[in-house]
Each structure stands twice: as C-alpha cells, then as structure tokens.
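Welcome, and thanks for taking a look at this one. Below is a short briefing to read alongside the sequence and the coordinates.

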Amino acid sequence: MLRNPDGSVQSVVGDLLRIRGLTLATAESCTGGSIGALLTSTPGSSDYYRGGVICYHNDLKVGLLGVAEETLLCHGAVSEPVAHQMAAGVRKATASDLGLATTGIAGPGGAVAGKPVGLVFLGLSSASETRVERLDLSGDRKTIQLEAARLALDWLRRYLQ
C-alpha cells in the first residue's frame, strides 16, 4: 500500500523500500547530506531509512566506511572504486539492506585533469552486488549537489522496480 502518494522520487523510493521490507543507509560526500534530507522529508521515512554519513574528508571514508587508503591514493576520492567501497561500507556499517553513496566534484573548484566539475560517481550496494554509475553534470555547486541527489534516488528507484 502506498503511504506517500505525492509522486516525488523520494516518496516513490520510500514506498518501494517499505513494500519490499528493505532498509537503506547513505554515504554522501559531494551531495553533503542532500539525499538524507530528501528521504527524511517524507513522513514515515524511519520505517526504511537507517541514516547516513556525510564523509567529506578521506579520513572518514577510511575510518567509518572502510574505504581502502590504497584505493584513495591510486584513484582519488572521486572515482568508481571509492563510490563502490563507500556504498558497500555504509551498508555494512549500518546493517542496512542497501547502501547508496555519492562522491564527486560539485565545484566551483576542485577540478583536476580528467576530473571536471560536475563529475559524480554513485554507488549502490546490496548483499549480492555493488554497482557504480558515472554522472557528468553541469551547473553551479547547489545545482550539481541537488541534481546528483535526485539522480541517485532515481537510480535507486529503477533498481527497486
């Protein structure tokens, strides 16, 4: 039974998680808590959302999420392997069914060769697999953060359907 039929992506994700009896945790870097804010704006989100970590600094990625220091050194914080490890790490650390992670460059600074502003990696982990998706976004910092958060939730929606 749909509990929040407002049609927003966070409401649809919430209903899908509830119907399937799944829990979710988030690990956010470039989105700075935007995914968690969207999820918790929906009444009843405590039924399925266990919480999140805003892990901006690499020390937190390593210490809280289990991202390997070698991965950070070899690939950088904004990379497919880091998104993979962040998603799996938050899922395990919170005993959740699913982990959703973001890492990227929201700008205006931070770009380096091969990693422009707007580059974002999403990670989605379940007990059986971890997937990563690359996004190439444009706009100012706030636009990139919100668009990455919405696209992460939409990716989760498609996974759950």
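The structure holds 0 disulfides. Cys30 takes part in none, and its nearest cysteine sulfur, that of Cys55, is 10 Å away. Please keep in mind that this is a predicted model.

**Cysteines**

- A disulfide is a covalent bond between the sulfur atoms of two cysteines.
- Is Cys30 buried or exposed? Cys30 counts as buried because its relative accessibility is 3%, under the 20% limit.
- Cys55 is buried too, with a relative accessible area of 0%.

**Strands β4 and β5**

- Strand β4 covers residues 119–125 and strand β5 covers residues 130–136.
- The two strands run antiparallel and are joined by 7 bridges.
- One of the paired positions is Leu119, whose bridge partner in β5 is Asp136.

**Largest pocket**

- The volume of the largest pocket is about 240 Å³.
- Its lining consists of 17 residues, and those nearest the centre are Ala77, Val78, Gly104, Ile105 and Gly110.
- How many residues of each class line the largest pocket? The lining has 7 nonpolar, 7 polar and 3 charged residues.

Notes. Residues are numbered from 1 along each chain as its sequence is written. This is a predicted model: local features need pLDDT of at least 70, side-chain atom pairs count only at pLDDT 80 or more; totals for chains, interfaces and linings use all residues. Side-chain values use heavy atoms; hydrogens and water are left out. Two strands pair if DSSP finds at least two bridges between them. Helices (H or I, at least four residues) and strands (E, at least two) are DSSP runs, numbered from the N terminus. A disulfide is a pair of cysteine sulfur atoms within 2.5 Å. Buried means under 20% relative accessible area, exposed over 50%, partly exposed in between (1.4 Å probe, protein chains only). On a 1 Å grid over the protein atoms alone, a cavity is a set of points where a 1.4 Å probe fits but cannot get out, and a pocket is an open set with protein on both sides within 12 Å along at least five of seven lines; lining residues have an atom within 4 Å of a point. Grid points are joined across faces, edges and corners, and a volume is the space filled by probe spheres set on the points. Ala, Val, Leu, Ile, Met, Phe, Trp, Tyr, Cys and Pro count as nonpolar, Asp, Glu, Lys and Arg as charged, and the others, Gly among them, as polar.
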